[in-house]
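Subject: Structure handover

Hello,

Here is the structure for you to look at. Please open it first, then read my notes below.

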Amino acid sequence: MPRPFIGLILLSSMELRRMTRIRLVARTICLAGVLLMGGNALAAEPVELCATCHGEQGIPVNKTTPVIWGQNEGYLYLQLRDFKSGARKNEFMSAIAAALEKDDMKALAAHFSKQKWPDLRQPEAPQAVAAKAVAAAASIGCPGCHLAHFQGDGTTARLAGQWEDYLAKTISDFRDGKRGNNPGMTDLMIATPSDDLTALAKYLAGLQIEAYLGSGR
């Protein structure tokens, strides 16, 4: 019996699953690299791969999946770094990030930050809800980091126009300790009444801010 076949038999089912997962991750990163280097022949394939979660034209199919097209470059890089280190947890994203080096993460962050933020067509919050959210945001100090129009900057996330379901889930995850890569956010969410946070998620989701961002974004 040839030696390679003997080796395959001796592999446990767990090892085989691990090898399959590694191959899938490697293929994902390879395709992303083709996109970033501007290869035309396979350019459609990595876009389709990203669209599996983050959607066609940057609109995620699942409303608990964040928009990353047009998100701030520094923030995207930090999230990839935290997925790799385990500070932020997501089975799929952690597997992807595990195969990335620092330069890879920076390149991916730069690529997606240059895309146009999509219009999710979420309605503006009712006046009473908006007033409650604005008061809550001022009390928490949200504009101090996320800026006046909640567009964020650098390593701070854009919140305006993000999926409401994703915002609500993220708020809940910070509050419950499920998301641990920003302890300051956890403290703020715990200190804020839940009805204020619900209003804040609805208000942020409905913000249309492109007119305030200037030609650079």
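Glu73, Leu76, Tyr77, Leu80, Arg81 and Lys84 in helix 4 meet a set of residues in helix 6. On the helix 6 side these are Lys102, Met105, Lys106, Leu108, Ala109, Ala110, Phe112 and Ser113. By class, this contact holds eight nonpolar, one polar and five charged residues. Keep in mind that the model is predicted.

How do these two helices cross? Helix 4 covers residues 73-85 and helix 6 covers residues 102-113. Their axes come within 8 Å and cross at roughly 140 degrees. Helix 4 and helix 6 are therefore oblique to each other. The crossing of helix 4 and helix 6 is right-handed.

Next, helix 7 (residues 127-140) and helix 11 (residues 194-205). The angle between them is about 110 degrees, and their axes are 8 Å apart. Angles of 65 to 115 degrees count as roughly perpendicular, so helix 7 and helix 11 are roughly perpendicular to each other. From helix 7, the contact uses Val129, Ala130, Lys132, Ala133, Val134, Ala136, Ala137 and Ile140. Helix 11 brings Asp195, Asp196, Leu197, Ala199, Leu200, Lys202 and Tyr203. The class count for helix 7 with helix 11 is eleven nonpolar, no polar and four charged residues.

Then there is helix 9 (residues 164-176) with helix 10 (residues 183-191). These pack at an angle of about 95 degrees, with axes 7 Å apart. That makes helix 9 roughly perpendicular to helix 10. Ile171, Phe174 and Arg175 of helix 9 make the contact with Met185, Thr186, Met189 and Ile190 of helix 10. By class, the contact has five nonpolar, one polar and one charged residues.

Last, a pocket. How much space lies in the second largest pocket? About 190 Å³. Its lining is Glu124, Ala125, Ala130, Ala148, His149, Phe150, Tyr203, Gly206, Leu207, Gln208, Ile209 and Tyr212. The lining divides into eight nonpolar, three polar and one charged.

Best wishes

How values were computed:
Residues are numbered from 1 along each chain as its sequence is written. This is a predicted model: local features need pLDDT of at least 70, side-chain atom pairs count only at pLDDT 80 or more; totals for chains, interfaces and linings use all residues. Side-chain values use heavy atoms; hydrogens and water are left out. Axes are lines fitted to C-alpha atoms, for helices over the stretch in contact, and angles run from 0 to 180 degrees between N-to-C directions. Helices (H or I, at least four residues) and strands (E, at least two) are DSSP runs, numbered from the N terminus. Angles under 35 degrees count as roughly parallel, over 145 as roughly antiparallel, 65 to 115 as roughly perpendicular and the rest as oblique. A crossing is left-handed if the near helix is turned anticlockwise from the far one by less than a right angle, and right-handed if clockwise. Contact means heavy atoms within 4.5 Å. Ala, Val, Leu, Ile, Met, Phe, Trp, Tyr, Cys and Pro count as nonpolar, Asp, Glu, Lys and Arg as charged, and the others, Gly among them, as polar. On a 1 Å grid over the protein atoms alone, a cavity is a set of points where a 1.4 Å probe fits but cannot get out, and a pocket is an open set with protein on both sides within 12 Å along at least five of seven lines; lining residues have an atom within 4 Å of a point. Grid points are joined across faces, edges and corners, and a volume is the space filled by probe spheres set on the points.
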